Amino acid sequence: MNTFYNIRWPLRFERAVVIVLSALLLLIGFNNLGRAYTSVSCISTAVLLIALEFIVKVKWLPGFLSIYPLLLIPFLIVNGILTGTGLQQPVVWYNDAENLGLRVFTIPVEDFVYALDMLLFNLFFYEKFKPVFNAPPVSVEMSRRQKVRGRSVSNVE
């Protein structure tokens with residue numbers, strides 16, 4: 001995450017942002033338990049933010065939250081088209097009984113929360129498993145004599 005930049009916030013500010021954002025999301029989520037998309041996206045994002053900040057204690061969260069607004073540019077374009085911007089009929093239809101019914105252009109506000117959740121999960125697992133996938137490759141050179149189906153055979157050159 002810090003390959004191209006190293007964004008850090010003072011710890012108090014970082015924790016305050018996470019607490020306020022999580023509290024707001026939990027408030028919205030629990031006040032809308034009858035709306036599945038709203039409650040699930042808000043509550044899961046709040047829990048993830050709290051876990052990343054206070055349990056896992058990732059160092060990249062301020063950097064991610066700082067660039068998230070930039071990530072919304074392609075999100076607005078693609079999701080806008082999918083939800084009907086510039087089209088006669090949307091590709092994706094939302095049941096407004098399951099969300100707040102508030103939209104940015106044609107995009108339900110919950111999609112912004114869900115995008116945050118999805119990107120945080122992806123980045124968490126990417127960072128977690130990066131050492132595994134960046135390990136030096138195991139040598140795959142064949143020995144002069146190998147066993148193929150239980151029989152010893154020689155490499156032919």
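Q: Hi! Where is F105 found?
A: F105 is found in the loop between β1 (103-104) and β2 (107-108). Helices are DSSP runs of H or I with at least four residues, strands are E runs of at least two, and both are numbered from the N terminus. One caution: this is a predicted model, where local features need pLDDT of at least 70 and side-chain atom pairs count only at pLDDT 80 or more, while totals for chains, interfaces and linings use all residues. Residues are numbered from 1 along each chain as its sequence is written, and side-chain values use heavy atoms, with hydrogens and water left out.

Q: Thanks! And is F105 buried or exposed?
A: F105 counts as exposed, because its relative accessibility is 70%. The cut-offs are under 20% relative accessible area for buried, over 50% for exposed, and partly exposed in between (1.4 Å probe, protein chains only).

Q: What about phi of F105?
A: It is positive, near 60°, in a residue other than glycine. K57 is not a glycine either, and has a positive phi of about 60°; K57 sits in the loop between α2 and α3 (61-82).

Q: Switching to α2: what does the side chain of S39 reach?
A: S39 lies in helix α2 (residues 36-55), and its side chain reaches the backbone oxygen of A36 at 3.3 Å. S39 counts as buried because its relative accessibility is 6%.

Q: Which residues is S39 in contact with, leaving aside neighbours within four places in sequence?
A: Those are G29, N32 and L33, with contact meaning heavy atoms within 4.5 Å.

Q: Now the largest nonpolar core: which residues touch the most other members?
A: Of its 23 residues, those are L52, W60, L61, F64, Y68 and L120. The elements giving two or more residues to this core are α1 (11-31), α2, α3 and α4 (109-133), and α4 supplies the largest share, seven residues. A nonpolar core here is a set of buried Ala, Val, Leu, Ile, Met, Phe, Trp, Tyr and Cys residues joined through side-chain atoms within 4.5 Å.

Q: Last one, the whole chain: how many helices and strands?
A: Four helices and four strands, running α-α-α-β-β-α-β-β from the N terminus on. Of the 157 residues, 30% count as buried.

Conventions. Polar contact = N/O pair within 3.5 Å; in protein donor to acceptor, adjacent residues only side chain to side chain.
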